Amino acid sequence: MHTEHTEPFVVNACAAQLHRLPTSPGPPCDAVATLNSAYNVFTTLDSLLRAGAPLPSRWALSGHDGDVEPVTWVYDALSEALRETGETGPVFTALREACRHWRTLEGLLRAGSPLPEPWRCA
């Protein structure tokens, strides 16, 4: 169970683990395991942020105002890529797409983009 004290650590650990994906998605033969691992990490991060956990410290958000459509589109594309199942070929392609989308999402958030719609707490 996560508490207020462990949430920042877990959020930062998840973001750091996902940050390593873009530089090394691994060989195609490991794609299924790597994608499943990335899915689990992203699901943890997503759940925590939806519940209002503190944002990863590496994200220098300048505010929450602005057009959320572009960042939400990237979030949705990442989420969809992470849900791919099946043969090694399509899963490896999805993993590469997930890496690209994570790099884009994190870049947007580091540059001060508003949060994607699912992470915007009321």
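Student: Which residues of α4 are buried?
Tutor: Val91, Phe92, Ala94, Leu95, Ala98, Cys99, His101, Trp102, Leu105, Glu106 and Leu109. Buried means under 20% relative accessible area, exposed over 50% and partly exposed in between, with a 1.4 Å probe and protein chains only. This is a predicted model, where local features need pLDDT of at least 70 and side-chain atom pairs pLDDT 80 or more, while totals for chains, interfaces and linings use all residues. Residues are numbered from 1 along each chain as its sequence is written, and side-chain values use heavy atoms, without hydrogens and water.

Student: What covers the buried residues of α4?
Tutor: The cover includes α1, α2 and α3, with contact meaning heavy atoms within 4.5 Å.

Student: Why does the span of α4 agree with its 23 residues?
Tutor: At 1.5 Å a residue, α4 should span 33 Å, and its end C-alpha atoms are 32 Å apart, so the two agree. The expected span is 1.5 Å times one less than the number of residues. Just after α4, Gly112 has a positive phi of about 100 degrees.

Student: And α3, how many residues has it?
Tutor: α3 has 14 residues and reaches 20 Å from first C-alpha to last, close to the expected 20 Å. Its buried residues are Val71, Thr72, Val74, Tyr75, Ala77, Leu78, Ser79, Ala81 and Leu82. They pack against α2 and α4.

Student: Back to His101. Is it buried or exposed?
Tutor: His101 is buried, at a relative accessible area of 6%. This residue of helix α4 touches Trp73, Val74, Ala77 and Leu78, leaving out residues up to four places away in sequence.

Student: How many helices and strands does the protein have?
Tutor: There are 4 helices and 0 strands, in the order α-α-α-α along the sequence. Helices (H or I, at least four residues) and strands (E, at least two) are DSSP runs, numbered from the N terminus. Of the 122 residues, 40% count as buried.

Student: Which residues touch the most other members of the largest nonpolar core?
Tutor: Leu18, Phe42, Trp102, Leu105 and Trp119, out of 32 residues in that core. The elements giving two or more residues to this core are α1 (7-20), α2 (31-50), α3 and α4, and α4 gives the most, with 9. A nonpolar core joins buried Ala, Val, Leu, Ile, Met, Phe, Trp, Tyr and Cys through side-chain atoms within 4.5 Å.

Student: Which residues line the largest cavity?
Tutor: Leu18, Leu21, Leu78, Leu82, Ala98, Cys99 and Trp102. A cavity is a set of points on a 1 Å grid where a 1.4 Å probe fits but cannot get out, and lining residues have an atom within 4 Å of a point. α3 (69-82) and α4 (88-110) each supply at least two lining residues, and α4 gives the most, with 3.

Student: New topic. Where is Pro56?
Tutor: Pro56 is in the loop between α2 and α3. Its relative accessibility is 1%, so Pro56 counts as buried.

Student: What is Pro56 in contact with?
Tutor: Val11, Asn12, Ala15, Leu45 and Leu49, setting aside neighbours within four places in sequence. Pro56 and Ala13 are 43 residues apart in sequence, and their C-alpha atoms are 8.5 Å apart.

Student: What share of the contacts comes from residues 24 or more positions apart?
Tutor: 81% of the contacts in the protein with a separation of 6 or more.

Notes
On a 1 Å grid over the protein atoms alone, a cavity is a set of points where a 1.4 Å probe fits but cannot get out, and a pocket is an open set with protein on both sides within 12 Å along at least five of seven lines; lining residues have an atom within 4 Å of a point.
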